[in-house]
Amino acid sequence: MIDAIDQAAGLSPDDALYQTRRFRPEFVQGAEQCRQSVLQPENDAGLAHELRIALARRMALLNNDPPLIAEYDALLAALSPGEQLLALANGEKGLSGLFAALARHVDFITLTPDRAQAEDIRLLEKAGLNNAQIVALSELIAFINFQTRVAAGLRLMRSA
């Protein structure tokens with residue numbers, strides 16, 4: 001079965017890299033389970049599915065990953081997002097309220113994770129996020145950035 005990382009890397013079952021990933025099937029399955037749990041968890045903790053997809057699309061854009069941008073574009077289009085959600089997904093600045101806080105945090109952690117400090121969490125709390133939402137957001141940021149790096153690495157290996 002082709003998973004989201006295979007799709008983002010452009011792998012098919014007849015590719016050597018596809019087969020190589022299956023040497024450790026628990027990693028392939030685990031990555032797909034993580035993807036499902038951060039994008040569409042049973043309990044969304046107040047971060048709706050469409051918001052998670054918009055944030056994932058924003059991170060794919062920040063990572064300049066066209067295959068993942070296309071994937072998240074398709075997922076978002078199927079959800080009929082509103083104007084503000086599209087602005088968030090498209091990496092726009094100048095958002096207001098909670099969306100501004102989410103955009104700032106996602107952009108900051110995606111681009112400069114080594115500069116993160118406790119004050120960055122305080123900013124999310126001031127914007128109205130509770131602990132469960134901050135954890136869910138952190139998991140989403142971690143997974144999407146992991147996904148972009150693995151897919152980019154596989155594409156690089158495939159082109160070598």
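User: Is L75 buried, exposed or partly exposed, and what's its relative accessible area?
Analyst: Partly exposed, at 32% relative accessible area. The cut-offs: buried is under 20%, exposed is over 50%, and partly exposed is in between, using a 1.4 Å probe and protein chains only. Keep in mind that this is a predicted model, where local features need pLDDT of at least 70, side-chain atom pairs count only at pLDDT 80 or more, and totals for chains, interfaces and linings use all residues. Residues are numbered from 1 along each chain as its sequence is written, and side-chain values use heavy atoms, with hydrogens and water left out.

User: Which helix is L75 in?
Analyst: L75 sits in α5, residues 66-77. Helices here are DSSP runs of H or I with at least four residues, strands are E runs of at least two, and numbering starts at the N terminus.

User: What does L75 touch, leaving out residues up to four places away in sequence?
Analyst: R35 and I53. Contact means heavy atoms within 4.5 Å.

User: And how far is the L75 C-alpha from the one of R57?
Analyst: 9.3 Å, with the two residues 18 apart along the chain.

User: OK, switching to N145. Buried or exposed?
Analyst: N145 is buried, with a relative accessible area of 9%. You'll find N145 in helix α9.

User: Which residues is N145 in contact with, neighbours within four places aside?
Analyst: M59, N63 and T110. T110 is itself one of the buried residues of α7.

User: Tell me about α7 then. How long is it?
Analyst: Helix α7 covers residues 97-111, so 15 residues, and spans 21 Å from first C-alpha to last, close to the 21 Å expected at 1.5 Å a residue. That expected span is 1.5 Å times one less than the number of residues.

User: What covers the buried residues of α7?
Analyst: The cover includes α4 (49-62), α6 (83-89), α8 (118-126) and α9 (131-159). Among the buried ones in α7 are F99, L102, V106, F108 and I109.

User: Zooming out, how many helices and strands are there?
Analyst: Nine helices and zero strands.

User: What share of the protein is buried?
Analyst: Buried residues make up 42% of the 160.
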